[in-house]
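Colleague: Let's go through this model together. I will ask, you answer.

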Amino acid sequence: SQEEIESLSLGWAPESGQELLKKIEPASRDLADKVGLIRKGERGYYEFFRSRLMIPIHDAKGRTVAFSGRTLEPVTGQNPKYKNSPESTWFKKKEILYGLDRASKLVRNDEFVCIVEGYFDQWAFHRNGIPAVAVMGTAFSEEHLRLLGRYTKRAVLVLDADRAGIESTLKTIPLFIKAGWNTMVFSGLEGKDPDEWLASVKVEELK
């Protein structure tokens, strides 16, 4: 919905690769380079994200620290599904949980959090009033655990049902056990991604 688009601050990077450069003042281009919006080549600056759905990444305080661009075209070797801002002093994937800024109130109220893998999964859970955060294509880390520990000590792992998701779940469980968390693994995805599964069930019955 338009309301959700605005809430998530979603945008679009045009194919032309010139629109953003027109808006960035010369004095700000070095910062735009550091956050991965533009790059400097032999012929000057060019836009890093082109023809992609733009997803701002926020830290736990809601500050924009990076961007992810999702292609809506067929994925190929030359056109990866996602392009992301480079890691920096303020953006480290092992320290950032996508959606925590929006989900923190739900986590505190419901006293648990779902761990998912992708942006679309996090959106779907949040849309249905289920507290969730996403790990953005990286392993769940001890830094993630410490960050979440400020809000709850109960977690439900809802990672993808494919081989990579199962392996990630098996690697993540020991972290929670060692830290003494109350942790469960959801195994009812029936081969679907979490957002696809959620769209196929009646959320009211889950609650």
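Colleague: Where is Phe48 found?

Modeller: This is a predicted model, where local features need pLDDT of at least 70, side-chain atom pairs count only at pLDDT 80 or more, and totals for chains, interfaces and linings use all residues. Residues are numbered from 1 along each chain as its sequence is written, and side-chain values use heavy atoms, with hydrogens and water left out. Strands are DSSP runs of E, at least two residues, numbered from the N terminus. Phe48 is found in the loop between strand 3 (44-47) and strand 4 (52-58).

Colleague: Is Phe48 buried or exposed?

Modeller: Buried means under 20% relative accessible area, exposed over 50%, partly exposed in between (1.4 Å probe, protein chains only). Phe48 has 17% relative accessibility, so Phe48 counts as buried.

Colleague: Which class of ring pair do Phe48 and Phe49 form?

Modeller: Rings of Phe, Tyr and Trp (its six-membered ring) pair if their centres lie within 6.5 Å; planes under 30 degrees apart count as stacked, over 60 as edge-to-face and the rest as tilted. The whole structure has 7 aromatic pairs. In the pair of Phe48 and Phe49, the ring centres are 4.9 Å apart and the planes are at 80 degrees, so the pair is edge-to-face.

Colleague: Which residues lie over the face of Phe48?

Modeller: A charge sits over a ring if NZ of Lys or CZ of Arg is within 6 Å of the ring centre and within 35 degrees of the ring normal. At 4.4 Å from the ring centre of Phe48 lies Arg39. At 4.1 Å from that ring centre lies Lys83.

Technical notes:
Helix = DSSP H or I, 4+ residues; strand = E, 2+ residues; numbered from the N terminus.
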